[in-house]
Amino acid sequence: MGRDIKIAPSILSADFARLGEEIRAIDAAGCDYVHVDVMDGHFVPNLTIGPMVVKAIRPHTAKPLDVHLMIDPAQPFLKEYADAGADIITVHAEADKHLDRSLQAIKDLGKKAGVSLNPGTNEAALEYVLDRLDLILVMSVNPGFGGQSFMPSQLPKIKRIRDMIGNRPIELEVDGGVNTDTIKSVVDAGADVLVAGSAVFKGDDYAATIGALRTAAA
Ligand code: DX5
Ligand code: ZN
């Protein structure tokens with residue numbers, strides 16, 4: 001019996017003209033988290049949503065909003081995302097200048113704190129902030145867009161981070177190119193939360209897809 005895994009559909013691939021409906025649909029389809037990709041067109045070459053959209057989607061699900069901030073700077077906006085209803089706020093190790101201070105700020109806001117690493121960033125970046133973390137988000141694509149191919153080069157990094165976590169209560173989330181073909185290798189490497197954007201939203205039966213992802217991971 002494999003580890004319990006969580007599926008976090010990324011709304012980046014949802015129909016933004018019907019976002020509340022899409023959130024209700026993935027909630028009903030059995031997702032564990034709702035992964036919200038925030039992009040500023042500076043840290044990544046794409047521009048998506050701000051705090052007011054997080055506030056708008058909040059009432060449509062009781063599932064945790066797993067907010068992935070691909071923005072730089074992130075620190076000035078942490079309170080806005082917390083007030084908008086984020087449950088987990090994840091900043092990039094490559095953004096801002098003071099990662100430890102950002103994580104302290106997220107915790108002071110009463111939210112779960114996460115750090116995300118781009119594919120080119122070594123896991124050593126986590127070493128001095130591990131004890132502040134509730135979640136580590138490993139990018140298995142270069143951030144900015146959904147529908148990209150999974151980068152197998154990240155599998156050894158996921159394994160090493162699983163070892164670094166030890167028995168700390170930290171979730172290990174992987175994000176990018178996760179689908180029924182790639183999910184088992186990612187879970188076997190040590191991930192327990194899987195982001196799936198295009199894999200979920202490209203089909204029309206979200207429950208079937210989420211179920212297929214869980215089966216493929218087992
Ligand atoms: C990419 C985002 C990912 C993306 C995942 O910058 O952080 O969450 O939406 O999409 P898929 O699952 O289609 O790779
Ligand atoms: Zn993401």
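Biologist: How many bridges join E2 to strand E3 (residues 65-70)?

Modeller: 6 bridges join E2 to E3, and the two run parallel. Two strands pair if DSSP finds at least two bridges between them, so 6 bridges are enough for E2 and E3 to count as paired. Strands are DSSP runs of E with at least two residues, and helices are runs of H or I with at least four, numbered from the N terminus.

This is a predicted model: local features need pLDDT of at least 70, side-chain atom pairs count only at pLDDT 80 or more, and totals for chains, interfaces and linings use all residues. Residues are numbered from 1 along each chain as its sequence is written, chains are lettered from A and ligands numbered from 1 in the order in which they are written, and side-chain values use heavy atoms, leaving out hydrogens and water.

Biologist: What makes strand E1 (6-9) and strand E2 (34-39) the edge strands?

Modeller: The open sheet has 8 strands, in the order E1-E8-E7-E6-E5-E4-E3-E2, with parallel pairing. E1 and E2 each pair on one side only, and this makes them the edge strands. From one strand to the next, the twist averages 25°; axes are lines fitted to C-alpha atoms (for helices over the stretch in contact), and angles run from 0 to 180 degrees between N-to-C directions.

Biologist: Why is strand E6 (residues 135-139) called largely enclosed?

Modeller: Because 5 of its 5 residues are buried. Buried means under 20% relative accessible area, exposed means over 50%, and partly exposed lies in between (1.4 Å probe, protein chains only). Leu-135, Leu-137 and Met-139 point one way from E6, while Ile-136 and Val-138 point the other way. Side chains in a regular strand alternate between the two faces of the sheet. E6 pairs in the parallel sense with strand E5 (residues 112-117) over 4 bridges, and 5 bridges join E6 to strand E7 (residues 171-175), also in parallel.

Biologist: How do you know whether Ile-165 is buried or exposed?

Modeller: Its relative accessibility is 0%, so Ile-165 counts as buried. Ile-165 lies in helix H5 (residues 155-165). Beyond neighbours within four places in sequence, Ile-165 is in contact (heavy atoms within 4.5 Å) with Ile-136, Ile-170 and Leu-172.

Biologist: What joins the side chains of Glu-22 and Tyr-206?

Modeller: A polar contact of 2.7 Å. The term requires a pair of N or O atoms within 3.5 Å; within protein, one must be able to donate a hydrogen and the other to accept it, and residues adjacent in sequence count only if both atoms are side-chain atoms. Glu-22 lies in helix H1 (residues 19-28) and is buried, with a relative accessible area of 5%.

Biologist: Which residues are closest to ligand 1?

Modeller: Asp-37, Gly-144, Asp-175, Gly-197 and Ser-198, among 20 residues that surround ligand 1; a residue is near a molecule if one of its heavy atoms lies within 4 Å of it. An oxygen atom of ligand 1 is 2.6 Å from a polar backbone atom of Gly-144. Taken alone, ligand 1 exposes 380 Å², and the protein buries 100% of that; accessible areas come from the Shrake-Rupley method with a 1.4 Å probe, and for residues only the protein chains shown count as cover.
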